[in-house]
Number of protein chains: 2
Amino acid sequence: MSDSPAAPLPDARTRILDAAEAIIRARGVAGLTLEAAAREAGVSKGGLLYHFASKEALLAGLLNRMAGHVEEAFRQVLEAQPEGRGRTTRAILAWTFDHPEAVCQQHERAAAVFLAAFHHDPALLDPVREVIGRIRARQREDGLPTGVAQAVMAACDGLFMASLFGMYALEEAERRAIRTALERLLEPSP
Amino acid sequence: MSDSPAAPLPDARTRILDAAEAIIRARGVAGLTLEAAAREAGVSKGGLLYHFASKEALLAGLLNRMAGHVEEAFRQVLEAQPEGRGRTTRAILAWTFDHPEAVCQQHERAAAVFLAAFHHDPALLDPVREVIGRIRARQREDGLPTGVAQAVMAACDGLFMASLFGMYALEEAERRAIRTALERLLEPSP
DNA sequence: TTTGACAAACCGTCCGGCCGGTATAGCTAA
DNA sequence: TTAGCTATACCGGCCGGACGGTTTGTCAAA
């Protein structure tokens, strides 16, 4: 993201986005106020308003950046998969089950931003919807029987949601078992 | 819910809960204010505060009622399933895929309440966590291979989330295909 | 007369958004 | 070269309104 390794401060716009994200993660959706974001970013409230004319604009900026990051991350996971039948769906499984720590953190950040945006205005999620739409379009050309790819994706979504909302904690053995079960779906059906 | 068929007005407490739910569904999480809930319920703000001493108490009341409804509804679906291997997991599938209209509406209501509560304080979700914990405990005695039941539940959660956040709309054919794929998981593995 | 179940008015706080101001940099023309 | 103009990027304070919560009042039933 930063083109100079020694740059101590990114530009104000990026700093504001980072600050807003950090606040959402630390103090929750309700903790995000323009003043707090400005303070955390080291700019004044007026300065923030210069870059993002409203709270909604700030959230939209957050969402757009997040959608871009997510799509890029998924692209990388996808390219790491061997080509062939079910490639996209295999990528989704890999994305869910053996992501590196960095991706996991990114997921958490994305989730927090996602919920904050949804809270303010569900329409803000449109960029994310587009990303998901593109992934689903890929899946449809994945060479898998109808329903299999979608079932796997739904399961991955569900696991993500469960951890997001802290519904239950999976032990590592359970995670592996779930993955094994889902991979069975990818095999040609008898 | 109402013990008298001709009762035009339930007691104030129930009316307040209903009103709060309706507001959350109609105007979103942010639209729920004590004043609005009181107005919608046909009581004054003071009246509302008499029954629920704070906004948090109101949300907690909403969550508890919701968790009770959900557990009761699931119990009914469960009892409609034939006994034997995978009963609980089959019930989850039925719950997700061929619920009557009433259950579908209940899901929507539950989702809205769920998000509102999470926004205010994630700890409010504890009653729901308990319900889910009980369902998962049942699943573990379901006679299915490890991971299968959890995978199906995750998929159902994912579908629910997708509709909740409006991520994508499934056509009926797709829904059926997903269900078929998930049911394949329940069959004894080769 | 006491009490449960509200009503009505009110208060302090906080937040989003707007405004007037300002320092800096770049351009331009004399 | 430099005085003047303009745009950019930002500061800091203010305001209007909304919202959660408190207090005081009311009134019928017990």
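How many residue pairs are in polar contact between chain A and chain B? I counted nine, with both residues of each pair at pLDDT 80 or more. I took a polar contact as a pair of N or O atoms within 3.5 Å; within protein, one must be able to donate a hydrogen and the other to accept it, and residues adjacent in sequence count only if both atoms are side-chain atoms.

**Conventions**

I note that this is a predicted model, in which local features need pLDDT of at least 70, side-chain atom pairs count only at pLDDT 80 or more, and totals for chains, interfaces and linings use all residues. Residues are numbered from 1 along each chain as its sequence is written, chains are lettered from A and ligands numbered from 1 in the order in which they are written, and side-chain values use heavy atoms, with hydrogens and water left out.

**Fold of chain A**

I looked up the secondary structure and found nine helices and zero strands in chain A. Helices (H or I, at least four residues) and strands (E, at least two) are DSSP runs, numbered from the N terminus. The pattern along the sequence reads α-α-α-α-α-α-α-α-α. Along the principal axes, the C-alpha atoms of chain A fill a box of roughly 65 × 35 × 35 Å.

**Relation of the two chains**

**Interface of chain A and chain B**

I find 40 residues of chain A in contact (heavy atoms within 4.5 Å) with 40 residues of chain B. Of the interface residues of chain A, 100% are also interface residues in chain B, so the copies meet through the same surface.

The area buried between the chains is about 3500 Å², and carbon and sulfur atoms give 71% of it. Buried area is the accessible area (1.4 Å probe) that two parts lose on being put together, summed over both. On the chain A side, A:Phe165, A:Met167 and A:Arg184 lose the most area to chain B, together 19% of what that side buries.

I also counted two salt bridges between the chains, a salt bridge being a side-chain nitrogen of Lys or Arg within 4 Å of a carboxyl oxygen of Asp or Glu. The side chains of A:Arg136 and B:Glu174 meet in a salt bridge at 3.0 Å, N to O.

Which elements give two or more residues to the side of chain A that touches chain B? I list helix H6 (101–120), helix H7 (126–140), helix H8 (148–164) and helix H9 (172–186) of chain A. H8(A) gives the most, with 10 residues. That side divides into 26 nonpolar, seven polar and seven charged residues. Here Ala, Val, Leu, Ile, Met, Phe, Trp, Tyr, Cys and Pro count as nonpolar, Asp, Glu, Lys and Arg as charged, and the others, Gly among them, as polar.

**Domains of chain A**

Chain A is divided into domain 1 (9–53) and domain 2 (67–185), with bounds from an automatic or database domain assignment. Their C-alpha centres lie 28 Å apart. Four residues of domain 1 are in contact with five residues of domain 2. The two domains bury about 550 Å² between them, 68% of it on carbon and sulfur atoms. In domain 1, A:Glu21, A:Arg25 and A:Val29 lose the most area to domain 2, together 76% of what that side buries.

I find one salt bridge across this domain interface. The side chains of A:Arg109 and A:Glu21 meet in a salt bridge at 2.4 Å, N to O.

**Salt bridges overall**

My search of the whole structure gave 25 salt bridges over all chains. Among them, A:Asp18 pairs with A:Arg65, the closest N and O atoms being 2.9 Å apart. This pair links distant parts of the chain, helix H1 (residues 12–27) with helix H4 (residues 55–80), 47 residues apart.
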